[in-house]
Amino acid sequence: MINLIKGDESMENVFSQQLVKLRRRQNLSQEQLAHELFVSRQSISKWEQGETSPDLDTVVKLANLLQVDLNELVGGQAAEAKEQSYKAVKTLPEGQRPMNGWEFLSKNWWMIFPLLVALSWVVGMFQH
């Protein structure tokens, strides 16, 4: 058996607590969860008490059965919180929206001239 959370007591505690919380949220008993994972009820109990940890394949199956992201199961980080922090970085100020190509060209039409000059210079270098 692979110790998934080796040497870090606080992370092992988080996993154990998350397992109990998420199992109860799905209204599953230890017996029902054990049956779905093809393990004994005692194994589930030991995982929840932090005595042992499941192997990686079982953790992936657990996440699927409990309908959560692996980060939420193992580390307690909800996927929504990560998405919200990502959205906070990517959002524009109030009332603004991303500029499309035509809007960019209408505001920056003058950039065509320096680009044409640079392009003609490059083409001229290869003609001699």
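Select helix 7 (101-107) and helix 8 (112-127): each supplies at least two residues of a nonpolar patch. Helices here are DSSP runs (H or I, at least four residues), as strands are runs of E with at least two, and both are numbered from the N terminus. The model is predicted, and local features need a pLDDT of at least 70, side-chain atom pairs count only at pLDDT 80 or more, and totals for chains, interfaces and linings use all residues. Residues are numbered from 1 along each chain as its sequence is written, and side-chain values use heavy atoms, with hydrogens and water left out.

**Stop 1: the nonpolar patch**

Now colour Met99, Trp102, Phe104, Leu105, Trp109, Trp110, Met111, Ile112, Phe113, Leu116, Leu119 and Val123, which form this patch on the surface. Together they have about 1,300 Å² of accessible area, a quantity from the Shrake-Rupley method with a 1.4 Å probe, where for residues only the protein chains shown count as cover. A patch is made of residues with over 30% relative accessible area and no salt bridge; nonpolar side chains (Val, Leu, Ile, Met, Phe, Trp, Tyr) are joined within 5 Å, and like charges within 9 Å. Which helix gives the largest share of the patch? Helix 8 does, with five residues.

Met111 sits in the loop between helix 7 and helix 8. Its relative accessibility is 34%, so Met111 counts as partly exposed. The classes are buried (under 20% relative accessible area), exposed (over 50%) and partly exposed in between, with a 1.4 Å probe and protein chains only.

**Stop 2: helix 3**

Move to helix 3 (residues 41-49), and select Ile44, Ser45, Trp47 and Glu48, which are buried. Look down the axis of helix 3: the buried residues fall within an arc of 160°, so they line one face of the helix. The arc is that of the directions from the helix axis to the C-beta atoms. An α-helix has 3.6 residues a turn, so residues three or four places apart point the same way. Just after helix 3, Gly50 takes a positive phi of about 80°.

**Stop 3: the salt bridges**

How many salt bridges does the structure hold? There are two, a salt bridge being a side-chain nitrogen of Lys or Arg within 4 Å of a carboxyl oxygen of Asp or Glu. Show Glu48 and Arg23, which form a salt bridge with their closest N and O atoms 2.5 Å apart. This pair links distant parts of the chain, for Glu48 is in helix 3 and Arg23 is in helix 1 (residues 9-25), 25 residues apart. Glu48 is buried at a relative accessible area of 12%, and Arg23 is buried at 7%.

Next show Arg25 and Glu72, whose side chains meet in a salt bridge (3.9 Å, N to O). Here Arg25 of helix 1 is linked with Glu72 of helix 5 (residues 70-75), 47 residues apart.

Gln18 is buried, with a relative accessible area of 8%. Not counting residues up to four places away in sequence, Gln18 touches Glu72, Leu73 and Gly76; a contact means heavy atoms within 4.5 Å.

**Stop 4: two loops**

In the loop between helix 2 (30-37) and helix 3, select Phe38. Phe38 has a positive phi of about 60° although it is not a glycine, and it is exposed at 74% relative accessibility. Then go to Gln67, in the loop between helix 4 and helix 5. Gln67, a residue other than glycine, has a positive phi near 60° and is exposed, with a relative accessible area of 63%.

**Stop 5: the whole chain**

Finally, show the whole protein, which has eight helices and zero strands. Buried residues make up 23% of its 128 residues. Colour by pLDDT, the predictor's confidence in each residue from 0 to 100. The average is 82, and 79% of the residues score at least 70. Among the elements, helix 6 (residues 79-90) has the lowest mean pLDDT (58) and helix 3 the highest (94). Over residues 1-8 the pLDDT is below 50, and this stretch has 15 contacts in the model beyond near neighbours in sequence.
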